[in-house]
Amino acid sequence: MNSGTYWNDSMNILGKVIVPKGQKVVIHTKALALSQNSEFTLEDGASLDDLQIFVHDKDFTSQSVIHPRVDFSQGSTFKGLVYSERQTELSNNVNYYGAITALYINMHNNSKIHGNSACFSPPEQNYDISVSPTEDLSLICERQPVEFQVTDNDGAPVSGYEGQVIVTAKDNFPSNKAFWYFSETGVEAGKKDISQENTFEVDSNGKAQLWLKSDYVGSIEVTGKLSTDNTKQAVGNYQFVPFKLEIQQGELKTVAGKPRDISIVAKACSDDSGDESIADGYIGNRTLNLSTEYSQPGTGSQKVWLKDKDGNWQSEAGVFEFKSETDAEGAEITRSTSELKYSDAGRTKLTFSDPNCTKDSCDIEPIARLMKAKASSSDDWNKLEGTQAIATRPYTFALCNYGATSVENASGTSEGGNSFVAAGQTFQLKAKPVVWTEGDSGNNDIDSGQNATVSVDSSGMCGRTETPNFYVDGAPGATVALSIPSGDGVKPHSPDKEGAVPGSLTSSPLSNEQIKNTPFSASWSEVGSVWLQAKTQAKYLDMDINIGQRPVGRFYPAYVEVQNGNSFDYPKVDAVNAQTGFAYLGQAFNATFSVLPKSQTGNKVSNYALFNENYQVQLALEAIDGSNSSFGSRLSPKGSWRGWSSTTTSMDWKLERQGFGSNTTTVEPPWNADNSQWGLYISQGVDSTTIRSATPEGGTVVANVVVKGNQTTQEMAPLSVTPELRYGRMRLEDVTVPVTQDAEVPVIVEYYLNSNAEFVLNEDDDASLFGSNYGCSQLIFPDAMRSVLANTPASESINDGEGRLLVTQPQGEGVTEGYREQIRLGQRLSSGVPACSSGSAATSSQPWLQFNWAGEGDTDPSAVVTFGVYRGNDRIIYRGEKGINTMLN
């Protein structure tokens, strides 16, 4: 379908209709249908806006085969724009590309609208316009540079502006008296009469550079506005006189408080060529009157100062020496060299005039001759003077105290010094624009264009003079932001070791007016110390202000968090022979737990491991019973540890038996999650870091527990898993056997369950050791020991809490059927007093299995083994017993 506007009663598309690229089709209808996988599309590369269909809510003029609506169905595809005053149905896998405006749309069964149209274009950017200079004084015979710049809302130049700049002169300006030129000198062709409304294109950077030349003596006011928004205007006012004093054309850029080298010359037009020339006769000591005007903002308290011939600063009048010198290009020039400074921010104008050269009297050549030659056209010229537009920026920003948080005293680092605030905690500070001073002269931080070249450490500048005009209403707009250095390889101020991360700063920018009374509120996500820096987000008066920075610290973790899921590795011999789910009181067991340093917002901080250990918190172990009373000295380790180089710590813990250190301990039921809690506490730290337990996923906050009976511990953060600890003992049972049999001595490991059941078999123990290596024996009777403790097992693990020791039957001379022998057999658990006198000196190093067997203190276990019982216990009854013989027969 080719370009055109089509009118019909209804359209029912069956098949495929394509609008070629470059064609524009507009259709007016009263109903539209597309079904059976039909397509109404545009050729690839065509704009979707090139097909537009308007569906009117009008009665059919003849009977229609389709419903009075828009009906797309059955996998059909449409590309274009639809405006429908009727009901619109999209069903059964319809794909619609473009835009649709309808009274009512019903979509179902996987139908889709893919938005793509000019109506989806983002809103146009808001633009503004500025003119530079805003005012100036020029010679009649020279072209005055005027630059219109399209900017964004922050005053920064923009690129890609697609409109034009429209420039007009003030009403009733006479024609053919002043013209716009497109170059500073030369070509006259193409000049534009300023009495007309003129439209000028801007370059890719949004700039329209023009030159204004006038044959009219007096003031010309011009207004530039945007073609896209005539409410955005910039006004410039330019005075044309025959003669003037000059420092430089255009704005002179300066830094507040910093002297700027200048030259003052007297300028005049030559008699014949019309080119500008310097008045060679303006020489010697000349008195100049000085005055300061405020342009942006319109008021101020500081004045522009010039240094006179004697090196004194003057703001109202001074004597300046004009002499002939050779300039940088080797040409002779008459000028007075001086310095200029202004100790505030914004735009000002310095007017400097020679009171001895006026319209009535001027004895300087060739100016006097030129005055007479130009008398007819210089009625408004009264004296030889010049004006200099000056743009001045603050030197830098000092970051200073505000409220309770003192950044000026925040000199701590990861290696020492005072703490500041926690990571993630909000703090406040003021950013003050300050002046340059002589002490800054060695920094070499400002280039010839008065732009900053490096950042400035402004730590000691809070007492400096500020630039108050930076704040006031009507000052050049600026947005100031607080930030930290960023980029690849950037480290914080401290720690600056390998692995340190810069973190991120959270802060909102403030306008130049806001920072006068409003502090910055900020927080840093990491720990250590950081270079805080303040800077403007765009150039200020087309100059870069030196970034003001200072190191601030020490930031520390808001808290350390005990993580869920701690675990215990209970004692074991190997993967099979282990104590399952418990340890004995007095027996060390391995604990694995994780403690993370975190910010106030709950995020893990990474730099804490790189702190000097004296500035890391120390952690210690605590455990309490059901009444929150501390186990105190029964716990080990008793000291503190840091261990921040890893987020997970593994170490041995132990809870001693009650009464440890004496010769008798007291039995007690198992300690576990039902009657005890274990946790960690901060035993030492120089910062205000606290400790807490992590909240289980989907659970409630776990509160710290106040501990009783321990002066060191204030409160502990509980661990999520509590160990099972049992009071255990090893017991050997007495055995009596015939002299002709070996004796098997039961070895039983038990634990104290409660006061009713007392000791029970510890079926969870497959790790406690016993055997001949730890055995000892002592003869009770007769006169010599003829039985022997077998070598096997030499050293073996208990199985389900039980084991067997073998003592071989007595052998040798004197052992007969009626022989009897009795010995005491023991197991050496520690190096204390043995239960029997002879045997191995080795011990199994299991003092936690000793028990107060005889009421005289905890000792090793032992049993009595007796050989020599008649027939033993083999159940054979003597045949002569009454009533038995008959049964046996």
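**Strands, loops and salt bridges in a predicted model**

Met107 is found in strand β10, which spans residues 95-108. Together with Ile105 and Ile113, Met107 forms a nonpolar patch on the surface. The accessible area of these three residues together is about 210 Å².

Gln388 is placed in strand β32, residues 383-393. Its relative accessibility is 0%, so Gln388 counts as buried. The side chain of Gln388 reaches the backbone nitrogen of Gln248 at a distance of 2.9 Å. Beyond the neighbours within four places in sequence, Gln388 is in contact with a number of residues, including Ile247, Gln248, Gly250, Glu251 and Leu252. Thr348, Lys349, Leu350 and Phe352 are also among the contacts of Gln388.

Burial can also be followed along a whole strand. Strand β34 covers residues 427-434, and six of its eight residues are buried, so β34 is largely enclosed by the rest of the structure. Two strands pair with β34 in the antiparallel sense. Strand β33, residues 396-401, is joined to β34 by six bridges. Here Asn401 has Leu429 of β34 as its bridge partner. Strand β39, residues 520-524, pairs with β34 over three bridges.

Another set of strands makes up an open sheet of five, in the order β35-β41-β40-β36-β38, with mixed pairing. The edge strands of this sheet are β35 (456-457) and β38 (510-511), each of which pairs on one side only. Within the sheet, β36 and β40 (residues 528-536) run antiparallel and share four bridges. Val480 stands opposite Thr536 of β40.

The loops hold several backbone features worth a visit. Most residues other than glycine have a negative phi, and most peptide bonds are trans. Against that background, Gln36 has a positive phi, near 55°. Gln36 lies in the loop between β5 (32-34) and β6 (39-42), and is exposed at a relative accessible area of 57%. Gln74 likewise has a phi near 55°. The loop that holds Gln74 lies between β8 (70-72) and β9 (77-91), and Gln74 is partly exposed, with a relative accessible area of 41%. Cis peptide bonds also occur. One joins Gln296 to Pro297, with omega at about 5°, and Pro297 sits in the loop between β26 (284-296) and β27 (305-307). Another cis bond runs from Ser494 to Pro495, where omega is near -5°. Pro495 belongs to the loop between β36 (479-483) and β37 (505-507).

Charged side chains complete the picture. Side chains of opposite charge can pair when their charged atoms come close. The structure holds 32 salt bridges. One of them links Lys24 and Asp50, whose closest N and O atoms are 2.7 Å apart. Lys24 lies in the loop between β3 (16-19) and β4 (25-29), while Asp50 lies in the loop between β6 and β7 (51-55), so this pair ties together parts that are 26 residues apart in sequence. Lys24 is exposed, with a relative accessible area of 53%, whereas Asp50 is buried at 9%.

A further salt bridge joins Glu656 to Lys654, with the closest N and O atoms 3.2 Å apart. Glu656 counts as buried at 15% relative accessibility, and Lys654 as partly exposed at 21%. Glu750 forms a salt bridge with Arg731, and here the closest N and O atoms are 3.0 Å apart. Glu750 is in strand β56 (residues 743-754) and Arg731 in strand β54 (residues 728-732), so the pair ties together parts that are 19 residues apart in sequence. Glu750 is buried, at 6% relative accessibility, and Arg731 is partly exposed, at 21%. Both residues also belong to a network of salt bridges that links Arg729, Arg731, Glu733 and Glu750.

Notes: Residues are numbered from 1 along each chain as its sequence is written. This is a predicted model: local features need pLDDT of at least 70, side-chain atom pairs count only at pLDDT 80 or more; totals for chains, interfaces and linings use all residues. Side-chain values use heavy atoms; hydrogens and water are left out. Buried means under 20% relative accessible area, exposed over 50%, partly exposed in between (1.4 Å probe, protein chains only). Two strands pair if DSSP finds at least two bridges between them. A polar contact is a pair of N or O atoms within 3.5 Å; within protein, one must be able to donate a hydrogen and the other to accept it, and residues adjacent in sequence count only if both atoms are side-chain atoms. Contact means heavy atoms within 4.5 Å. Patches are made of residues with over 30% relative accessible area and no salt bridge: like charges are joined within 9 Å, nonpolar side chains (Val, Leu, Ile, Met, Phe, Trp, Tyr) within 5 Å. Accessible areas come from the Shrake-Rupley method with a 1.4 Å probe; for residues, only the protein chains shown count as cover. A salt bridge is a side-chain nitrogen of Lys or Arg within 4 Å of a carboxyl oxygen of Asp or Glu.
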